[in-house]
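Colleague: Please take a close look at one part of this model, the interface between the two chains. What holds across it?

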Amino acid sequence: MSQNADKVVDHFSLFRSPEYMGMFENKKAFENAVPVADLQKAADWTKTREYRELNFAREALVVNPAKACQPLGAVFAAMGFEGTLPFVHGSQGCVAYYRSHFSRHFKEPTSCVSSSMTEDAAVFGGLNNMIDGLANAYNLYKPKMIAVSTTCMAEVIGDDLNAFIKTAKEKGSVPQEFDVPFTHTPAFVGSHVTGYDNTMKSILEHFWDGKSGTVAPLERKACESINIIGGFDGYAIGNIRELKRLLSSMGVDYTILGDTSDVWDTPTDGQFRMYDGGTTLADAAAAVHAKATISMQGFCTPKTLAYVAKKGHEVAAFNHPMGVAATDRFLMEVARLTGRAIPEDLTRERGRLVDAIADSSAHIHGKRFALYGDPDLTLGLTGFLLELGAEPVHILATNGTPEWEARVQALLDSSPFGKGCHVYPGRDLWHMRSLLFTEPVDFLIGNTYGKFLERDTRTPLIRIGFPIFDRHHHHRYPLWGYQGAMNTLVKILDKIFDVTDADTSNPGKTDYSFDIIR
Amino acid sequence: MDLTLDEVKARNADVISEALSVYPDKTAKKRAKHLNVYEGDKPDCGVKSNIKSVPGVMTIRGCAYAGSKGVVWGPIKDMVHISHGPVGCGQYSWAARRNYYIGVTGVDTFVTMQFTSDFQEKDIVFGGDKKLDKILDEVQRLFPLNHGITIQSECPIGLIGDDIEAVAKRKSKELGGKTIVPVRCEGFRGVSQSLGHHIANDAVRDWVFEKGGDKAPLFESTPYDVAIIGDYNIGGDAWSSRILLEEMGLRVIAQWSGDGSLAELENTPKAKLNILHCYRSMNYISRYMEEKFGIPWVEYNFFGPSKVAESLRAIASHFDDRIKEGAERVIAKYKPLMDAVIAKYRPRLEGKKVMLYVGGLRPRHVIGAYEDLGMEVVGTGYEFGHNDDYQRTTHYVKDGTLIYDDVTGYEFEKFVDRLKPDLVGSGIKEKYVFQKMGVPFRQMHSWDYSGPYHGYDGFAIFARDMDMAINNPVWGLTKAPWNAGR
């Protein structure tokens with residue numbers, strides 16, 4: 001008997017008991033299992049150069065991609081506005097997936113509805129689903145705004161959101177003046193960062209350009225305020241709060257567009273808040289008057305920034321700025337745009353980060369890293385690693401474009417630590433597996449799915465990215481700003497020290513290096 | 001203070017009308033048919049089910065793809081399952097269901113991998129069949145030890161007129177009769193995951209049993225061969241079930257589909273009895289095998305010692321005395337463990353009230369396990385049940401239980417707010433809503449990353465987990481002391 005009432009055994013150890021191990025062995029007789037020798041041979045073959053070449057010759061199959069689809073980004077962007085219910089027009093299963101995905105990462109509820117289109121809607125179009133869906137969502141969940149996006153189903157059959165929403169309003173689903181920005185977010189174009197961009201743009205357009213022709217467009221009267229757009233960011237809670245702290249300390253008048261920091265971080269105090277925080281609709285509208293708009297993640301906002309620029313804003317795009325120099329550039333740009341000085345406090349914070357790097361860099365210097373993730377994150381991380389004297393040997397973004405590739409390459413070329421490092425746009429984590437086997441590195445940086453690479457290649461994983469399902473609460477701590485860089489530095493160092501300790505802990509064999517001071 | 005049965009019924013009727021009052025009339029009429037207070041003498045729960053979800057209400061349901069790739073096919077470990085269409089569906093369902101298996105992932109097994117055709121606009125415009133053809137070659141080249149391939153259709157496939165069946169047939173021939181299964185589980189089909197289960201069952205029938213041809217069996221039959229049907233081995237559930245069946249003298253020749261393999265699907269027509277856990281997702285193939293191969297099937301319930309014992313005896317009743325004695329021996333062997341678990345946890349859980357909202361079989365099957373711990377299920381409902389599920393539910397629920405089919409986020413929140421259960425058991429999308437409200441919660445799809453919950457070994461974990469959820473000291477901290485009066 002494997003179980004024990006005094007100390008209940010979990011699946012981790014239950015199935016290692018002899019009863020279960022024997023059962024697994026006997027089960028093989030029914031499985032047509034691959035003979036052990038063949039299995040080992042095949043496993044070894046997947047580690048070879050030959051396999052890598054076959055793997056990189058793939059033209060159609062994608063295995064373990066590091067990207068999601070547009071509608072996920074659409075929901076993310078919509079979540080950042082006050083009282084806003086994301087409404088996804090199309091099949092309902094998609095919405096179940098987005099909600100689960102976000103809840104697994106943030107450990108928070110994610111409220112979002114679907115128009116639940118089925119076969120009849122596939123034939124006749126989803127107009128009735130829009131009419132009923134908007135009415136139900138409005139009555140049940142009392143949102144201040146419903147932000148509509150689409151799944152691939154609605155896109156393939158060509159539903160016209162503009163016409164549908166107009167008709168729904170005429171039928172009284174929601175009041176005429178109720179805010180229903182919308183955007184088409186086909187899953188077969190771009191990735192989740194594209195969906196973020198399309199939705200952010202659609203919400204700004206809605207407020208600034210006359211709400212689909214129902215009111216007069218806003219006339220911009222330039223003011224001193226600036227807008228900040230965070231982009232699709234798994235660390236939005238920590239990062240946005242850190243941005244607010246930085247901007248407040250500079251005395252900057254600012255609006256965060258798409259502020260999810262309170263939305264995905266509500267207290268457990270006996271009350272479920274379906275809506276909490278978010279950019280107020282008044283602020284979203286007034287943001288047209290800002291003198292400038294800064295995107296923290298340029299690859300999440302190309303269309304949005306182009307649109308904002310047309311309104312007369314000065315625009316600036318960063319790429320998930322991490323580390324000393326990237327934070328410097330961000331703060332100096334804010335200072336330039338607003339005419340506000342960078343206060344002494346922040347200068348001291350910067351100095352403390354430089355101090356920490358100086359204290360610890362011996363442990364990072366020359367270490368080889370592989371990293372993957374969204375285009376902006378990988379750019380930001382690459383910059384920081386180079387700054388630390390580390391070598392970002394393999395840099396991969398499944399949703400990386402040729403422009404991203406050129407940007408990363410330029411960054412590598414700017415540093416002696418970038419020599420011999422390579423950029424992989426459009427590749428997936430099965431490609432990364434081959435890279436790690438054939439050109440090993442010391443550490444891997446990526447999201448939770450990286451743990452499969454860690455298991456197969458024994459490359460220690462440092463979890464930075466989205467989604468992170470198997471570690472808790474890191475999204476509450478910033479990666480941006482000097483404080484964020486400090487957090488990232490510590491995260492990297494902790495893994496390096498843990499690995500070194502584990503590697504030297506064999507008593508009487510290697511533990512001469514099991515040092516108490518490092 | 002405990003309410004009388006009449007008071008409970010009145011309260012439950014009232015909470016239903018209160019929830020319905022917020023809907024537009026048309027929707028209120030529709031939703032009213034899915035909500036009811038169970039009357040103890042009725043043959044079903046008095047709700048309509050398996051009907052389209054109302055748009056915009058925050059249904060908790062998923063889609064046919066989720067039912068096929070996510071539930072039925074995905075766990076078959078030695079086949080490569082291609083999510084055919086855009087990248088998202090496969091991404092969000094990647095390794096999320098904890099279908100445990102033994103194998104070297106990426107070499108001879110593939111469950112926790114995400115294979116996708118990553119459709120781009122040109123694939124929508126020009127069709128994806130050529131791409132699929134190439135993908136099948138690439139799978140074969142890079143994963144040569146795979147024993148078969150399934151093509152799990154996402155929404156666009158059925159809308160753009162792709163002929164995945166033709167591709168599958170052609171490639172199968174090209175590859176020497178390899179099992180390649182096209183599955184028409186586009187997400188817009190049907191009203192929930194449920195049709196996906198059915199479509200996936202039919203695909204096994206058509207592409208494994210009927211097109212697969214006769215393959216030489218891997219083993220000599222015995223009179224005691226059974227197949228476990230409808231256990232997805234979440235957290236190892238099928239394993240903690242299988243061990244009991246083997247201990248009582250049966251031989252398990254197949255697991256459908258947790259830790260299962262193509263060979264096991266092919267073995268199953270040799271079974272003497274199919275034992276069916278998740279009726280909802282696999283009754284179709286069980287009925288087919290009954291008609292086609294004359295294999296009887298029996299439903300069982302491995303949650304909690306009362307139901308496990310009842311089920312072991314029911315399964316044994318299909319066999320000779322050797323197996324019947326085996327069942328008694330197994331029940332007796334585990335009795336001290338079960339007594340110890342109940343002695344430890346029942347005093348901590350006695351009288352606690354539970355509300356459930358899950359899929360498949362769990363809205364009814366787990367009730368016995370709660371009752372073994374002295375707990376009471378006061379409300380339950382199915383994400384994608386059919387009428388036959390609600391009929392079966394009457395064997396489990398008490399008079400006056402609140403029943404909610406395809407519950408909406410709004411209704412569920414209202415119901416919990418009014419019924420004030422000590423525990424809610426539902427899914428990841430619901431978990432944090434109720435925890436914010438200060439209500440203890442366990443995910444009853446994924447076992448909250450714990451498990452197994454099936455069998456005797458599983459029940460110990462179940463009891464421990466329910467205790468740790470309800471008696472977590474954090475629930476005493478939700479109010480700031482300076483706000484305690486509010």
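Modeller: Across the interface of chain B and chain A there are 9 salt bridges, a salt bridge being a side-chain nitrogen of Lys or Arg within 4 Å of a carboxyl oxygen of Asp or Glu. One of them joins B:D259 to A:K27, with the closest N and O atoms 3.5 Å apart. The side of chain B that touches chain A consists of 60 nonpolar, 33 polar and 27 charged residues; here Ala, Val, Leu, Ile, Met, Phe, Trp, Tyr, Cys and Pro count as nonpolar, Asp, Glu, Lys and Arg as charged, and the others, Gly among them, as polar.

The model is predicted, so local features need pLDDT of at least 70 and side-chain atom pairs count only at pLDDT 80 or more, while totals for chains, interfaces and linings use all residues. Residues are numbered from 1 along each chain as its sequence is written, chains are lettered from A and ligands numbered from 1 in the order in which they are written, and side-chain values use heavy atoms, leaving out hydrogens and water.

The contact (heavy atoms within 4.5 Å) takes in 120 residues of chain B and 102 residues of chain A. The buried area between the chains is about 9,200 Å², with 65% from carbon and sulfur atoms; this is the accessible area (1.4 Å probe) that two parts lose on being put together, summed over both. In chain B, the residues that lose the most area to chain A are B:M58, B:Y92 and B:K436, together 11% of what that side buries.
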